[in-house]
Amino acid sequence: MKTRLRVLTVALAIAIVGGVTSTAVSQAQSNRPVLVYSADGKLVFPADYRTWVYLSTGVDMAYVDGPPPSQHTFDSVFVDPASYAGFQKTGTWPDKTVMILEVRKGQSRGSISKAGVFQTDRIGFEAHVKDVTRFKSGWAFFSGSGVALPQDSACNKCHEQHGAVDTTFVQFYPTLLPKAKEMKTFSAAYLAEEAQAKP
Ligand code: HEC
């Protein structure tokens, strides 16, 4: 009796895992739109962004001088696969691009790790979306709540002034930077900043 129950439990577990895997695969491969808003205009954060194209991870990045952080963080960036393919052709982003920045805690000691830093819990995520008919500048930023930030937000300003291509930080994404160089799609602001930074 006990054995039969165990066999049944194992079979059920396999069925559940199998079901979850096939859903994840079919979602990643389906042509369902990546950009979805709710009826009240909020961005619906894509549940499967971790199956999208991975661009980069920054560790403990800071944009002003200051003391080292008390908590390590990882910022990882993902983009929907169709927009990544578009970038690889043109060196810039097509309309309806969705980029997700995921923030996770970093931990140094754990399991067999005695040094270095590895990723643990997610502590937040943000989106940067290109939708030229909906937003004046062509792009909008969203924090976890899904509400679009005002077009003159601090997010817009920093990205417009320092992002290498079309308000995005391509200078930090090694699989995109060569294409932007080749297609000469750098923003004027970024080129001026780079020229100034040179000794
Ligand atoms: C002081 C400059 C600065 C500000 C302000 C800023 N960002 Fe960024 N952002 C960056 C940099 C640098 C990156 C490159 C990736 C990284 O940091 O790991 C980035 C990357 C991103 C990305 C990945 C896609 C892209 O555009 O390259 C998203 C999404 C994002 N930021 C959202 C936001 C949101 C939402 C806000 C406002 C709440 C914001 N950012 C404010 C500097 C900034």
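Helices (H or I, at least four residues) and strands (E, at least two) are taken here as DSSP runs, numbered from the N terminus. On that basis the secondary structure of the chain comes to five helices and five strands, and from the N terminus on these elements follow one another as α-β-β-α-β-β-β-α-α-α. The model is a predicted one, in which local features need pLDDT of at least 70 and side-chain atom pairs count only at pLDDT 80 or more, while totals for chains, interfaces and linings use all residues. Residues are numbered from 1 along each chain as its sequence is written.

The strands of a sheet pair through backbone hydrogen bonds, either parallel or antiparallel. Here five strands form an open sheet in the order S1-S2-S3-S4-S5, with antiparallel pairing, where two strands are said to pair if DSSP finds at least two bridges between them. Strand S1 (53–59) and strand S5 (139–142) are the edge strands, each pairing on one side only. Strand S3 (residues 98–107) and strand S4 (residues 118–130) run antiparallel and are joined by nine bridges; Glu-102 stands opposite Phe-125 in S4.

Strand S4 also holds Val-129, which is buried, with 21 other C-beta atoms within 10 Å. A residue is called buried if 20 or more other C-beta atoms lie within 10 Å of its own, exposed if 12 or fewer, and partly exposed in between, with C-beta atoms placed from the backbone. Leaving aside neighbours within four places in sequence, Val-129 is in contact with Leu-35, Leu-43, Val-98, Trp-139, Ala-140 and Phe-142, a contact being a pair of residues whose C-beta atoms, placed from the backbone, lie within 7 Å. Val-129 and Lys-96 are 33 residues apart in sequence, yet their C-alpha atoms are 6.7 Å apart in space.

Turning to the ligand, 19 residues lie around it, of which Gly-58, Asp-75, Cys-155, Cys-158 and Phe-169 come nearest; a residue is near a molecule if its C-beta atom, placed from the backbone, lies within 6 Å of it. Strand S2 (72–79), S3, S4 and helix H3 (154–162) each supply at least two residues of this shell, and H3 gives the most, with four residues.

Across the whole chain, 22% of the 199 residues count as buried. Among the contacts in the chain with a separation of 6 or more, residues 24 or more positions apart account for 48%.

How values were computed
Contact = placed C-beta atoms within 7 Å.
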